[in-house]
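Student: Please take me through one part of this model in detail. I would like to look at the ligand and what surrounds it.

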Amino acid sequence: MKDLQNKAIEVLNNNWKDGFSVPCANLYPFQWFWDSGFIAIGFAHFDMPKAEKEIETLLDSQWDNGFLPHIIFHTDTDTYFPGPDFHRSDLSAQASKKYKSTGMTQPPVTGFVLQDMYRISTDKKATLKFIESVIDKVYFNHEYFYTNRDPKNEGLVYIYHNWESGTDNSPIWDDIWETMNPPEYTFERRDTTHVDASQRPSKREYDHYLYIIDIAKEHNYKDEKIAELSPFLVQDPLFNSMLIKSNQSLIDLYQLIGGHDAKVSQLQKWQDKAVKSFNDKLFDSELGVYVHYDLRNEKPLRFISSSSFSPLFANIPSKEQAASLVNVMMEKFGNDNQYLCASFDPTSDRFNPKKYWRGPVWVNLNWALYYGLKNYGYMDIAKRVKADTVEIIEKAGFYEYFDSRKEVYKDGNAGYGGNDFSWSAALLIDMLQDN
Ligand code: DGY
């Protein structure tokens, strides 16, 4: 185990670029929002100054309205598509003048990441001081979400692009692609020069992704226009779980710091409403899990994915709902010939065990599931998620995503996407330290 941990530390140190980390050399050459958060949790275990710098740099990219972008283009390189010239954050009057970025965001992990840094810290006083210096920016980011991303005032925020979900090419979006007919774009893919095309989204899927961005650009990334016009407008249980988890962390941390009653009470208001709406609207009692809601076409997207279980991480389900999630998970995702936890329902005909978010196991979702199962007292299954995560990394390496089928590991490589992937290393370190 020591060897694996040392290798993980090496991966993180190699991906560190003077002030921030890349998720993966070559494939993802900039700073990504939720990657950075998970990476900071890994660094906190052995190099707290790097963890702090990672978060500081991320928050430094904040826009005037509190928005945090999903990619911050720190360097000029033409090895990634679509880069800054496609995204054109400068079209927005609110954008950072300091950094070029995308005009979309990613799951809001920063609140709970600060609390994890505090949990891990061996010098709590110093870490709390750091947290005090950045926490208002995270609060401002939550204020951005509840003010601009919740047009019906439900306490649930929307995402307007599949890249905002983090689960980029999930089969859940297929139904939305059906409602669109984007033009055929001409462009040169860069991802498929680093990774086998069978493990990445298709060309036609990219046409949809680019078209949604073009619509947002046409309206200078104005939220009201996006809410009105984007063909993709979804209330995502994973995204909202991360926001709710982060709300609670901000409440806890502000209380530790003391003297922030107004912010704590505002956060509590958002939180109460969010948790109630989440359970009322996103729990599908027939399927027994949480599902996505398509706000544009006003219908639930009734599919089971690892996002369906993520509310455990944020303490959203009742005990009964939690029991139902665990039942479904063990029945469909957890039999003996599978590693937990595939990213999409292995019993569905849309399942593809090799293709990015259409089936493979991801370490960040396993990490959230591990802590979520512990929250509800499912210690044995939590242990299995951790053991499975360690085993796939031991067998395949620090890959971006992994096959969930055990038999594949016998004859060759079952790790897919980029290798030496930062969050696989960071969150392995964290899980190994936790008992
Ligand atoms: C990619 O390029 O696939 C990224 O995941 C977008 O965020």
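Tutor: Start with Tyr80: a polar side-chain atom of this residue lies 2.6 Å from an oxygen atom of the ligand. That is a polar contact (a pair of N or O atoms within 3.5 Å). Arg200 brings a side-chain N or O atom to 2.8 Å from a ligand oxygen. For Trp32, the corresponding distance is 3.1 Å. The protein covers 94% of the 230 Å² of accessible area that the ligand has on its own; areas are Shrake-Rupley values with a 1.4 Å probe.

The surrounding residues are Tyr28, Trp32, His70, Tyr80, Trp163, Asp168, Arg200 and Tyr356, each with a heavy atom within 4 Å of the ligand. The space that the ligand takes is the largest cavity, a set of points on a 1 Å grid over the protein atoms alone where a 1.4 Å probe fits but cannot get out.

The model is predicted, with local features needing pLDDT of at least 70 and side-chain atom pairs 80 or more, while totals for chains, interfaces and linings use all residues. Residues are numbered from 1 along each chain as its sequence is written, and side-chain values use heavy atoms, without hydrogens and water.

Terms used:
Polar contact = N/O pair within 3.5 Å; in protein donor to acceptor, adjacent residues only side chain to side chain. 1 Å grid on protein atoms, 1.4 Å probe; cavity = no way out; pocket = protein on both sides within 12 Å on 5 of 7 lines; lining within 4 Å. Sits in = over half its atoms within 2 Å of the grid points.
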